[in-house]
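This briefing walks a new reader through selected features of one structure, topic by topic. Please keep the sequence and the model at hand while reading.

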Amino acid sequence: MHQQSTEKTKERAVAGKTSGLIEKGNFVTWEAIHFGIKQRLTVSIVEMNYPYYFNDKMVKGAFKEMNHSHFFEFEQGKTLMRDEFTYQTPFGILGAIFDKLILRTYMEKFLIERNRILKNVAESNESNLII
């Protein structure tokens, strides 16, 4: 499902846990194209409270630091998904300028689009096909 929701950046799992459901302690290396550059990002699933929450942290990649928490709440027969995504850019003041001018907006749009796709699939008949 992750790969389907990030099709625009050609994101795919290339190492570690590359299929099926993730669990605490799993590592996944993602390869994607961002800003016209093929990049790899390895994350570790550091916390998991299935089916309510999981957290992944970058262990290798372009960010100086990256942390992504995923929360799932059940209300009135529906699932509410909430992301908390934090990161730090490398390269000091140059990274900070790049973040302010380009990266922050890019990442927000990327996550919003990804979540829109996840929502559409979850609310369709396709959702029972994805495991």
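Does Phe91 count as buried or exposed? At 70% relative accessibility, Phe91 counts as exposed, where exposed means over 50% relative accessible area, buried under 20% and partly exposed in between, with a 1.4 Å probe and protein chains only. The model is predicted, so local features need pLDDT of at least 70 and side-chain atom pairs count only at pLDDT 80 or more, while totals for chains, interfaces and linings use all residues. Residues are numbered from 1 along each chain as its sequence is written, and side-chain values use heavy atoms, with hydrogens and water left out.

**Backbone features in loops**

- Phe91 has a positive phi of about 70 degrees although it is not a glycine, and its place is in the loop between strand 6 and helix 2; helices (H or I, at least four residues) and strands (E, at least two) are DSSP runs, numbered from the N terminus.
- Lys10, which is not a glycine either, has a positive phi of about 55 degrees, and this residue lies in the loop between helix 1 (2-5) and strand 1 (12-16).
- With a relative accessible area of 58%, Lys10 is exposed.
- Tyr50 and Pro51 are joined by a cis peptide bond with an omega of about 5 degrees, and Pro51 has its place in the loop between strand 3 and strand 4.

**Aromatic rings**

- The structure holds 8 aromatic pairs, a pair being rings of Phe, Tyr and Trp (its six-membered ring) whose centres lie within 6.5 Å, with planes under 30 degrees apart counted as stacked, over 60 as edge-to-face and the rest as tilted.
- One of these pairs is formed by Phe35 and Phe98, whose ring centres are 5.5 Å apart and whose planes stand at 70 degrees, so the pair is edge-to-face.
- Because Phe35 lies in the loop between strand 2 (27-34) and strand 3 (37-49) while Phe98 lies in helix 2 (residues 92-122), this pair ties together parts that are 63 residues apart in sequence.
- Phe35 is partly exposed, with a relative accessible area of 41%, and Phe98 is also partly exposed, with a relative accessible area of 33%.
- The rings of Tyr52 and Phe74 likewise form an edge-to-face pair, because their centres are 5.8 Å apart and their planes are at 75 degrees.
- This pair links distant parts of the chain, with Tyr52 in the loop between strand 3 and strand 4 (53-60) and Phe74 in strand 5, 22 residues apart.
- Tyr52 has a relative accessible area of 43% and is partly exposed, and Phe74, at 48%, is partly exposed as well.
- Phe35, Phe98 and Tyr106 are linked into a cluster by ring pairs.
- The charged end of Arg82 sits over the ring of Phe71, 4.2 Å from its centre; for this, NZ of Lys or CZ of Arg must be within 6 Å of the ring centre and within 35 degrees of the ring normal.

**Residues in strands**

- Ser69 is found in strand 5 (residues 65-75) and, at 6% relative accessibility, counts as buried.
- The side chains of Ser69 and Asn55 are joined by a polar contact of 2.7 Å, a term for a pair of N or O atoms within 3.5 Å; within protein, one must be able to donate a hydrogen and the other to accept it, and residues adjacent in sequence count only if both atoms are side-chain atoms.
- Leaving aside neighbours within four places in sequence, Ser69 is in contact (heavy atoms within 4.5 Å) with Tyr53, Phe54, Asn55, Arg82, Asp83 and Glu84.
- Phe85 is found in strand 6 (residues 78-88), and, not counting residues up to four places away in sequence, the residues that Phe85 touches include Phe63, Met66 and Met107.
- Met48 is found in strand 3 and counts as partly exposed, at 26% relative accessibility.

**A pocket**

- About 170 Å³ of space lies in the second largest pocket, and helix 2 gives the most to its lining, with 6 residues.
- Among the residues that line the second largest pocket are Ser5, Thr6, Tyr106, Lys109 and Ile117.
- On a 1 Å grid over the protein atoms alone, a pocket is an open set of points where a 1.4 Å probe fits, with protein on both sides within 12 Å along at least five of seven lines, and lining residues have an atom within 4 Å of a point.
- Grid points are joined across faces, edges and corners, and a volume is the space filled by probe spheres set on the points.
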